[in-house]
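Trainee: Could we go through this structure together? I would like to begin with its overall layout.

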Amino acid sequence: MTYDTTHLAADFIGYLKNIQEHAGHQPHALKLARDLNMRVRIGTINRAYPEAQPNPVLVVQPWYYGNTWMLRHELAHVMLYWSGLEAEVIEEFGSEVGWKVIENLCQQAEAFLLITQPMVDDAVRRFGVSAQAVRHLQKLSGARPEVALRRLIYDNPHAERAGFLMSRDYVTEVAQCNFGLPFGWSEKVSKPAQLFGSDARLTFTRRFGLGVGVVGW
Ligand SMILES: [Zn+2]
């Protein structure tokens, strides 16, 4: 942990991964909350109370109770608080901008809490950092394609890699980690492979109109 905001995302991802390892890489949100001694309650708003005594409380609306992305989001808030990074962000950015930064971090964390490190390691061992690995992560976790894509691309914040999703000829999602794609979200791209140099390690698959592309290693 550097507590330097340049490394904020990397610090938080590293911290999350340590907790997940400690908790045996439990992918089920409700079980993970219980294993970490958080109390999950039903309420009218979704909110985390990391400072509650004797241990943190997560409140979710009835339809989010269980293994849901909302519970993962609230879990991430407690973890960010535990890490000390929440206080750091508020101190550096003030509460108005700071809470937006905190929301972004907790949204990113949802993919990490659903798709655990052993799943990513298995996918990369079989398929490398590739479009096929994204498909494999979807199969292992039941995640939506954009969640599996982000989880793979941001797994190592220091790597140079990027990925994208396409619906027919349109780019519907981009994830870039130290690597800039030659096109952006919502652009029309007929043949993505032609836009990369011959030395770029691009993998691309298309099935049922949904294209997945990954470049990097
Ligand atoms: Zn939130």
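Trainee: How far apart do the C-alpha centres of domain 1 and domain 2 lie?

Mentor: The C-alpha centres of the two domains lie 26 Å apart. The chain is divided into domain 1 (5–114) and domain 2 (117–216), with bounds from an automatic or database domain assignment. This is a predicted model, in which local features need pLDDT of at least 70, side-chain atom pairs count only at pLDDT 80 or more, and totals for chains, interfaces and linings use all residues. Residues are numbered from 1 along each chain as its sequence is written.

Trainee: How many residues of each domain are in contact?

Mentor: Eleven residues of domain 1 are in contact with ten of domain 2; contact requires C-beta atoms, placed from the backbone, within 7 Å.

Trainee: And which element gives the most to the domain 1 side?

Mentor: H1 does, with five residues. Helices here are DSSP runs of H or I, at least four residues long, numbered from the N terminus.

Trainee: Changing topic, at what angle do H1 and H3 pack?

Mentor: H1 (residues 8–22) and H3 (residues 69–83) pack at about 105°, with axes 10 Å apart. The axes are lines fitted to C-alpha atoms over the stretch in contact, and angles run from 0 to 180 degrees between N-to-C directions. The two helices are therefore roughly perpendicular, a class covering 65 to 115 degrees.

Trainee: Which residues meet there?

Mentor: Phe12, Tyr15, Leu16 and Ile19 in H1 meet Met79, Leu80 and Ser83 in H3.

Trainee: Finally, which residues does Leu75 contact beyond its neighbours within four places in sequence?

Mentor: Leu75 is in contact with Ala29, Leu32, Ala33, Leu58 and Leu113.

Definitions and conventions
Contact = placed C-beta atoms within 7 Å. Parallel < 35°, antiparallel > 145°, perpendicular 65-115°, else oblique.
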